[in-house]
Amino acid sequence: MPELSRRRALTAAAVVAGAPLLAVPTARAAEHDHDSHGSPGSPEAFDEVYKGRRIQGRTAGGSGHHHGGGYGVYVDGVELHVMRNADGTWISVVSHYDPVPTPRAAARAAVDELQGARLVPFPVG
């Protein structure tokens, strides 16, 4: 058996420390979206003011940059780039490493992260 080097010990420790983070599902990820007809997978449209910012979500037409399965999210009229993950959670360009259960939660998380700053449009290219 090869001798345990410092590098291998640190790598093993990092893997062991990170494993629970990957294996534990969050309560937020367990929630499901339903469209107005009750079918799973299609999130409901929303239009609200959150912390003084207008956030909206709706089925998107043919324009824009949509990795959210044809669903668009907007903060003060500016499109927030969102993407649906394979596990059903959502992320945005603003809070990319904090998955949330719904596009509405992604818009709220973006407003929280922006802390009053204006959302700059994501370049489509």
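Trainee: What are the ground rules here?

Mentor: This is a predicted model, so local features need pLDDT of at least 70 and side-chain atom pairs count only at pLDDT 80 or more, while totals for chains, interfaces and linings use all residues. Residues are numbered from 1 along each chain as its sequence is written, and side-chain values use heavy atoms, with hydrogens and water left out.

Trainee: How many helices and strands does the protein chain have?

Mentor: Three helices and six strands. Both are DSSP runs, numbered from the N terminus: helices are H or I with at least four residues, strands are E with at least two. Along the sequence the pattern reads α-α-β-β-β-β-β-β-α.

Trainee: Why is V49 called exposed?

Mentor: Exposed means over 50% relative accessible area, buried means under 20%, and partly exposed lies in between, with a 1.4 Å probe and protein chains only. V49 has 62%, so exposed is the word. V49 lies in strand 1. D47 and V49 form the uncovered face of that strand, while F46, E48 and Y50 form the covered one.

Trainee: Why does E48 count as buried?

Mentor: Its relative accessibility is 16%, so E48 falls on the buried side of the cut-off. Over the chain, buried residues make up 30% of the 125 residues.

Trainee: What makes E48 and R104 a salt bridge?

Mentor: The term asks for a side-chain nitrogen of Lys or Arg within 4 Å of a carboxyl oxygen of Asp or Glu. The closest N and O atoms of E48 and R104 are 2.5 Å apart, and the pair qualifies. E48 sits in strand 1 and R104 in helix 3, 56 residues apart. R104 has 26% relative accessibility, so R104 is partly exposed. E48, R104 and R108 are linked in a network of salt bridges.

Trainee: How many salt bridges does the rule give?

Mentor: Five. Another one of them joins D112 and K51, at 2.8 Å from N to O. D112 lies in helix 3 and K51 in the loop between strand 1 and strand 2, so parts 61 residues apart in sequence are tied together. D112 is partly exposed at 34%. K51 is exposed at 61%.

Trainee: Which partner does R53 meet in a salt bridge?

Mentor: D76, with N to O at 2.5 Å. D76 is in the loop between strand 3 and strand 4, R53 is in strand 2, and 23 residues separate them. R53 is buried at 10% relative accessibility. D76 is partly exposed at 41%.

Trainee: How do you know that strand 1 and strand 2 pair?

Mentor: Pairing requires that DSSP finds at least two bridges between two strands. Five bridges join strand 1 to strand 2, residues 53–59, and the strands run antiparallel. That clears the cut-off.

Trainee: Why are strand 1 and strand 4 placed at the edges?

Mentor: Four strands form an open sheet in the order 1-2-3-4, with antiparallel pairing. Strand 1 and strand 4 each have a single partner strand, so one side of each lacks a neighbour in the sheet.

Trainee: What makes a nonpolar core?

Mentor: It is a set of buried Ala, Val, Leu, Ile, Met, Phe, Trp, Tyr and Cys residues joined through side-chain atoms within 4.5 Å. The largest one has 17 residues, and F46, I55, V73, V75, L80, V82 and L119 touch the most other members. Strand 1, strand 3, strand 4 and helix 3 each give two or more residues. Helix 3 supplies the largest share, five residues.

Trainee: Which residues is V73 in contact with, beyond its neighbours within four places in sequence?

Mentor: Contact means heavy atoms within 4.5 Å. By that rule V73 is in contact with F46, Q56, G57, V78, E79, L80, V82, P103 and A107.
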